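Please look over the sequence and the structure shown below before reading on. The report then takes up a few places along the chain, one after another.

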Amino acid sequence: MTIYQFLLLFLLWVCLPHFCSPEIMFRRTPVPQQRILGPRVPRSDGKILHRQKRGWMWNQFFLLEEYTGSDYQYVGKLHSDQDKGDGSLKYILSGDGAGTLFIIDEKTGDIHATRRIDREEKAFYTLRAQAINRRTLRPVEPESEFVIKIHDINDNEPTFPEEIYTASVPEMSVVGTSVVQVTATDADDPSYGNSARVIYSILQGQPYFSVEPETGIIRTALPNMNRENREQYQVVIQAKDMGGQMGGLSGTTTVNITLTDVNDNPPRFPQNTIHLRVLESSPVGTAIGSVKATDADTGKNAEVEYRIIDGDGTDMFDIITEKDTQEGIITVKKPLDYESRRLYTLKVEAENTHVDPRFYYLGPFKDTTIVKISIEDVDEPPVFSRSSYLFEVHEDIEVGTIIGTVMARDPDSTSSPIRQPQGDDTRGCFCENFGC
């Protein structure tokens with residue numbers, strides 16, 4: 001190597017910055033004229049000399065938390081430019097944890113931590129440093145304050161405030177509908193690295209739901225999720241720090257999601273035709289039977305109203321909606337007569353009372369059925385042609401003379417013989433005396 005190359009390398013070495021262990025340097029610093037301390041001292045040449053205040057420059061120390069080594073953890077070094085290396089100076093440390101958590105070598109100024117430190121318990125420590133003359137015990141530098149800041153490591157996993165969440169979302173919701181937001185917290189330092197940067201992912205619950213990685217908002221991921229097919233879903237969400245990268249710590253929570261009902265199902269009669277029977281003697285208002293349409297929805301979405309919309313018995317029968325059972329009760333509206341008519345036909349409609357306009361395309365939200373009502377005969381008593389009869393006879397009429405005739409008929413379609421209790425004259429004749 002030539003002298004020229006050696007000189008060039010030496011100049012580069014001088015110009016480049018050099019890294020060393022953390023160290024606080026104590027230096028003399030000039031003080032402006034207005035901050036001059038002490039009396040003015042005349043010089044022999046007549047000029048005034050000023051006594052200048054000494055000071056030191058210091059920097060912040062950084063210490064990694066959760067140190068696991070067997071030796072004390074090295075923090076840094078205090079050093080004064082007044083230290084000639086002859087042991088005449090003594091370094092003193094005071095403040096947070098001085099003498100217990102932090103100790104100093106009074107000769108060298110080296111500071112060590114005596115135990116493992118948790119940043120989540122305390123993020124920084126404020127201490128004071130002083131350098132004194134070991135012989136006179138007088139300070140050679142003024143006391144100065146400095147900070148040891150604890151550097152974070154990723155030693156805390158994200159945690160959710162709840163182990164289990166419950167949420168609901170209407171069935172048939174469009175893709176992307178917000179369900180619920182879950183948020184995890186990380187006790188690590190958010191200002192240092194990615195230790196507290198949490199990313200969310202879904203471990204269980206796909207393909208039905210998704211989660212936004214940055215916000216933790218859970219959304220629907222499939223269209224037309226039908227409560228009638230499946231009502232309950234369990235979703236497991238993971239929160240992972242270090243921005244979700246490999247090596248990050250994670251925590252999980254469970255979200256139980258219920259699909260709530262909407263009116264997306266019309267009522268349906270289980271039969272196209274229903275047969276009922278009623279006695280002709282049933283009074284007006286008698287309930288002769290019921291019809292019921294089933295609806296897969298629940299609550300108000302399943303409520304129906306019944307009405308008779310057609311048939312030849314609209315004047316003879318009525319229908320009432322029973323709210324508790326959601327049945328249609330058919331009642332007698334007018335007196336019935338087997339001999340006049342034996343069969344009636346009704347067309348009954350069941351219609352939802354709360355229709356959601358969003359689901360009109362799934363309608364119509366009503367259904368019809370045919371109700372056939374048979375009238376049953378009863379054995380009715382004979383009916384006289386008149387309610388009363390009046391006959392006139394002479395007082396001297398002979399026994400056995402016919403004085404008049406009464407007529408009775410059987411209203412039933414199949415007439416039964418009519419007996420006359422007063423005698424055996426089948427023509428309905430009365431004898432003159434009551435002994436015949």
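## Strand β4 and its partner

Two strands are said to pair if DSSP finds at least two bridges between them. In this predicted model, strand β4, which covers residues 61–64, pairs with strand β10, residues 139–151, in the parallel sense and over four bridges. Within this pairing, leucine 63 of the chain stands opposite isoleucine 150, a residue of β10.

## Tyrosine 125 in strand β9

Tyrosine 125 belongs to strand β9, which runs over residues 124–133. Its relative accessibility is 9%, and because buried means under 20%, tyrosine 125 counts as buried.

When residues up to four places away in sequence are left aside, tyrosine 125 touches Asp96, Leu101, Phe102, Ile117, Phe146, Val147, Ile148 and Ile150. For one of these, isoleucine 148, the C-alpha atom is separated from that of tyrosine 125 by 5.2 Å, although the two residues are 23 residues apart along the chain.

## Serine 282 in a loop

Serine 282 is found in the loop that lies between β18 (273–279) and β19 (287–291). With a relative accessible area of 14%, serine 282 is likewise buried, because the cut-off for that word is under 20%.

A polar atom of the side chain of serine 282 lies 3.0 Å from the backbone oxygen of leucine 279.

Terms used:
Residues are numbered from 1 along each chain as its sequence is written. This is a predicted model: local features need pLDDT of at least 70, side-chain atom pairs count only at pLDDT 80 or more; totals for chains, interfaces and linings use all residues. Side-chain values use heavy atoms; hydrogens and water are left out. Helices (H or I, at least four residues) and strands (E, at least two) are DSSP runs, numbered from the N terminus. Buried means under 20% relative accessible area, exposed over 50%, partly exposed in between (1.4 Å probe, protein chains only). Contact means heavy atoms within 4.5 Å. A polar contact is a pair of N or O atoms within 3.5 Å; within protein, one must be able to donate a hydrogen and the other to accept it, and residues adjacent in sequence count only if both atoms are side-chain atoms.
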